[in-house]
Amino acid sequence: MHPLIDPPNELLAEWLAARGLPAFRLRQIRRWMFQRRADSFEAMTDLPASLRRELAEQFAVLSSRVARHEQADDRTEKLLLQLADAEQVECVLLRDDRGHRTACVSTQVGCGMGCVFCASGLSGLARNLSAGEIVEQLLHLERLLPHDERLTHVVVMGMGEPLANLDALLPALAVACDREGPGISVRRITISTVGLPAGIRRLAGLPSPYQLAVSLHAPDDELRTRLLPAARTIGLRAVLEAADDYFARTGRQVTYEYVLVAGVNDRPGHAERLAGLLQGRCVLVNLIPLNPVPGLPYRGSSAAAVRRFQDGLERAGVRVQVRRRKGGGISGACGQLRRERGNPPVPAAGGAASTEAGQSSAGP
Ligand code: SAH
């Protein structure tokens with residue numbers, strides 16, 4: 001069984017062409033998938049019944065299925081998706097009071113970067129996601145919204161290191177931006193990276209560049225390498241140079257993410273050195289109070305320490321935002337998405353395309 005969503009969808013296009021079917025059939029199918037949120041070929045009622053039957057024999061409308069659906073009190077929703085090979089990934093729908101409906105998507109099963117405070121890499125990297133599996137996360141998340149609402153933003157901040165899987169991510173994001181698909185503007189798509197310079201340069205060369213967020217987390221290489229082992233061979237200098245280059249080539253201001261870990265990287269001296277490092281650069285620093293991960297010894301900085309850190313940066317002229325924690329009660333916040341192991345959840349009734357797995361409501 002082939003996945004229906006498999007950017008650039010050549011297989012489906014070829015399959016239709018081989019049957020002498022006109023190109024508009026492809027557009028029709030895409031409309032059913034993206035606009036009308038069909039879960040089965042049967043639902044695609046303006047396709048001939050014989051074609052629907054044949055398609056159903058060859059293609060799976062969705063190759064992943066919702067194995068678990070959780071909702072937090074702040075209306076954040078998290079899906080655990082089961083992939084065709086029984087691996088699992090998580091993705092999150094975030095809402096805010098400005099009407100933003102943001103999909104947070106994963107790019108890998110697990111993660112190979114090993115950041116010491118993050119749940120996603122706890123059991124290493126299993127595999128890259130395919131472009132289709134990334135797009136399917138958007139489809140599943142959009143299906144959580146009422147019919148008159150659509151996703152407005154995408155953040156590639158789920159499990160995995162996006163720049164280690166650009167070959168799948170870029171075709172997936174092209175679909176996300178496609179007017180006949182989710183139709184999300186490139187300016188509303190943010191890719192967060194641990195800071196892989198070659199990948200950043202590749203992103204800078206795209207005709208329509210995305211927003212870039214770089215995980216910094218420390219003002220010097222020694223501390224950064226302790227927190228982000230993957231940074232060992234990539235000095236801060238190389239990361240900043242690649243990000244400067246990104247800004248110069250695209251005109252897009254880069255965001256630096258800085259997770260505040262109590263007693264580790266949140267002292268006034270760290271803020272001072274961070275401000276020194278970023279001096280003269282037109283950037284935004286996004287402070288993220290650490291979200292706790294069971295089994296890991298790190299704690300988030302106190303509200304007072306966050307405030308002090310923010311003040312220190314602002315006094316030095318650095319623009320700062322503090323990321324509001326969302327989805328904490330369902331372990332759907334930054335750094336809390338993980339690869340589930342052990343017993344796979346019980347399959348949802350209704351087969352592969354079902355989005356109606358049981359909802360469990362978890363308070364924070
Ligand atoms: N691999 C990408 C995406 C990671 S998730 C990257 O490294 O940027 C997005 C952000 O959440 C990153 O800045 C990441 O370092 C941060 N993060 C990881 N674990 C966290 C935790 N426990 N609490 C808060 N933020 C965390």
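Of the contacts in the protein chain between residues at least 6 apart in sequence, what percentage join residues at least 24 apart? The answer is 68%, and I would like you to keep that figure in mind while we walk through this model, which is a predicted one.

Let me begin with the chain as a whole. The protein chain has ten helices and 15 strands. Its radius of gyration is 21 Å, close to the 21 Å that the globule rule gives for 364 residues, so the chain is as compact as a globular protein of that length. Buried residues account for 55% of the 364 residues, while the chain exposes about 15,800 Å², of which carbon and sulfur atoms supply 49%. As for charge, there are 45 positive and 39 negative charges in the protein chain, and their mean positions lie 3 Å apart.

Next, the domains. The domain assignment gives domain 1, covering residues 2-60, and domain 2, covering residues 65-359, and the centres of these two, taken over C-alpha atoms, are separated by 32 Å. Twelve residues from domain 1 and 20 residues from domain 2 take part in the contact.

Ser215 sits in strand β11, which runs over residues 211-215. Beyond its neighbours within four places in sequence, Ser215 is in contact with Ser192, Thr193, Val194, Arg224, Leu228 and Glu257. Tyr258 is 43 residues away from Ser215 along the chain, yet the C-alpha atoms of the two are separated by 6.3 Å.

Finally, a few details of the backbone. Most residues other than glycine have a negative phi, and most peptide bonds are trans. With that in mind, please look at the loop between β1 (2-3) and α1 (10-18), where Pro8 is found. The peptide bond from Pro7 to Pro8 is cis, with omega near 0 degrees. Asn9 is found in that loop between β1 and α1 as well, and its phi is positive, near 60 degrees, although it is a residue other than glycine. Asn9 also counts as buried, at 7% relative accessibility. Arg75, in the loop between β3 (65-71) and β4 (77-82), likewise has a positive phi, of about 75 degrees, and is not a glycine.

Methods: Residues numbered from 1 in each chain as written. Predicted model: local features only at pLDDT ≥ 70, side-chain atom pairs only at ≥ 80, totals over all residues. Heavy atoms only, no water. Helix = DSSP H or I, 4+ residues; strand = E, 2+ residues; numbered from the N terminus. Rg over C-alpha atoms; globule rule 2.2 N^0.38 Å. Buried < 20%, exposed > 50% of the residue type's maximum accessible area, 1.4 Å probe, protein only. Contact = heavy atoms within 4.5 Å. Areas by Shrake-Rupley, 256 points an atom, 1.4 Å probe, with all protein chains shown as cover. Lys, Arg positive; Asp, Glu negative; His and termini not counted. Charge placed at Lys NZ, Arg CZ, Asp CG, Glu CD. Domains from an automatic or database assignment.
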